[in-house]
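Please open the model in your viewer and keep the selection tool at hand. The stops below say what to select next and what is to be found there.

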Amino acid sequence: MSTAIRDHDASASRPPTDRSGPAHGAPRHTRGSGTLAGTGTLVRFMLRRDRIKLPAWVAGLGLFVIYIGAALPQVAPTEADLAAASPLLSQPIGRMFAGPAYGMDPPSYETFFAGGYTLYLYLLAALMNILLISRHTRVEEQSGRAELVRANVTGRHARLTAALVVAVITNLAAAVAITAMALANDFATTGSLLVGVGVALTGMTFAGVSAVTAQLSEYSRSASGLAGLVLGISFALRALGDMAAEGGSTLSWFSPLGWASQTAPYVLDRWWPLLLSVGLAAATTALAFGLQDRRDLGAGLLAARPGRGEAGPALGTVWGLAARLQRGPVLAWGFAIAVLGVVDGLFTQVMLDSAENMPDALQQVFGAGELAAGYLAFLSVFSGYLTAAFIVYAVQGLKAEEDSGRAQAVLATPTGRTAWGLSHVLAIGLGAVAVMLVTGLLVGVAAAGVTGTGALVGDGFLAHVNTLPAALVTLGICTLLVGWAPRLLAPVGWTLVGVMIFVGNFATLLEVPDWVLALSPLHHMAQVPVEPVQWLPLLWLGLIAVVAAALGLVGLRRRQISARS
């Protein structure tokens, strides 16, 4: 009797058989199966997630174009005024930061815009796509969300394909916005279209690069860092190539940023250099899909280096752990900033040799009669941009520790929130100090080596020391955001860096309002070594940095610490 009851219960607990198809629980082959299954759904999901970020990027690019187009006639009302300012872009230093300087003799508003500002549109498009691809691929795998999505009816290549489709949509929108704004400035149609397409294809080139680096490393910061390294090398190759000669040199053609610049909008209007961008974008995209087939979900092709069998005593403290976590960004960014500083310092004699033909406006930028000292002051500000960018990137690492849940493991020990946050802030701050001091010394040595003036060693070092408090204001503001509004860290932090670059490079020429100048911490310090050190602004900048960081740590104690779901 009991056996019959057990047999009846067992048969009742089994699921019924679907006689019209496979048994319940057996795999079903649906129409959407395959490596690209679910791509459309993921595209809609990604667009929904980025409904604010991507329109903001596109709108920012369009507003940049319309602002430059409206400001140039105000600053240079006549062609003679514009021609007087054109040497700012055609000199070797100008070409290093602006491009190959096509159409500067004589310039028009169109050619001045293309020769002085489109490079920054290409840079912004590259950054936009690096962040976009990394956010929707490697970040999702690292957080574990990609595995949950993959458990549904989604193909192996669906996520990467969807991310690239979103990149295509975003770059097309950027191309339309930029072209429309250029046409609104009454610029020529062909050149305006060429600028817009150049921005879109440069963005897709670095979307492909980022797709490749996302397959190499299992960590999002490393993947983004590798793509950023490619961008930095591209900028350096283009800068050196464009400095060598007007119109660029052979070295300029080894840079994806150089290809878009070599289209020479409004001057030559040649489309064929963009075929190089198309080819590289296609090659890197194909490579990314091939590499994805060779790795497991969540893993990277570059295996993480195994650590020591036993940790050192320093890692037993929160201070040693923070120093170890921030060591990689400090060394990578520090090396890149120092190398760029040395390269720029080696061009000091070239800048001095061209002093006779240098316009008054450019001489005023570099300090009139003290051109070498003014050039070193300019390089210290440039190092300040890069150091501020490093700080934003490094503070995002602090937030990543919280989002990943690793911070909770540290805080489960007797370590307090203040000590945890302060350890990272100090590690980043000391790293920034080391980067600026080493770079300043190397810049001075390079400048002294090519000019034979030993005093430039001290001048270069002092100029970078003078810039340091302004760069550390970025650390204070980012810490404040981490404590009170962590979601705003990335947009506000990178916007601050962008404002610093805009004010430092374009404010003098475009005569921007004083309140815009005041937004940049680098604007409030003296131009050392052309001018003597002004201690009061430096003390105020240092106080702002310390107070902002302290308030950020207070906020970190008061708000909830939780991993991103």
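Begin by selecting helix 7 (109–136) and helix 13 (256–261), each of which supplies at least two residues to the lining of the largest cavity; helices here are DSSP runs of H or I with at least four residues, numbered from the N terminus. This is a predicted model, in which local features need pLDDT of at least 70 and side-chain atom pairs count only at pLDDT 80 or more, while totals for chains, interfaces and linings use all residues. Residues are numbered from 1 along each chain as its sequence is written, and side-chain values use heavy atoms, with hydrogens and water left out.

A search of the whole structure finds one cavity of 30 Å³ or more, and about 100 Å³ of space lies in the largest cavity. Of the 14 residues lining the largest cavity, select Y102, A114, G115, S261 and P265, which are the closest to its centre. A cavity is a set of points on a 1 Å grid over the protein atoms alone where a 1.4 Å probe fits but cannot get out, and lining residues have an atom within 4 Å of a point; the points are joined across faces, edges and corners, and the volume is the space filled by probe spheres set on them. Helix 7 gives the largest share of this lining, four residues.

Next, select A264, which has a positive phi of about 50° although it is not a glycine, and which sits in the loop between helix 13 and helix 14.

Now move to P106, in the loop between helix 6 (92–98) and helix 7, where a cis peptide bond joins D105 and P106 with omega about -5°.

Then select helix 20 (residues 417–451), which is followed by G452, whose phi is positive, near 75°. Continue to helix 21, where a kink of about 35° lies at L468, shortly before the proline P469; the bend at a residue is the angle between axes fitted to the seven residues ending there and the seven starting there.

Finally, colour by pLDDT, the predictor's confidence in each residue, from 0 to 100. The protein averages 86, and 90% of the residues score at least 70, but pLDDT stays under 50 over residues 1–32. Where pLDDT is low, the predicted coordinates should not be read in detail.

Definitions and conventions:
On a 1 Å grid over the protein atoms alone, a cavity is a set of points where a 1.4 Å probe fits but cannot get out, and a pocket is an open set with protein on both sides within 12 Å along at least five of seven lines; lining residues have an atom within 4 Å of a point. Contact means heavy atoms within 4.5 Å.
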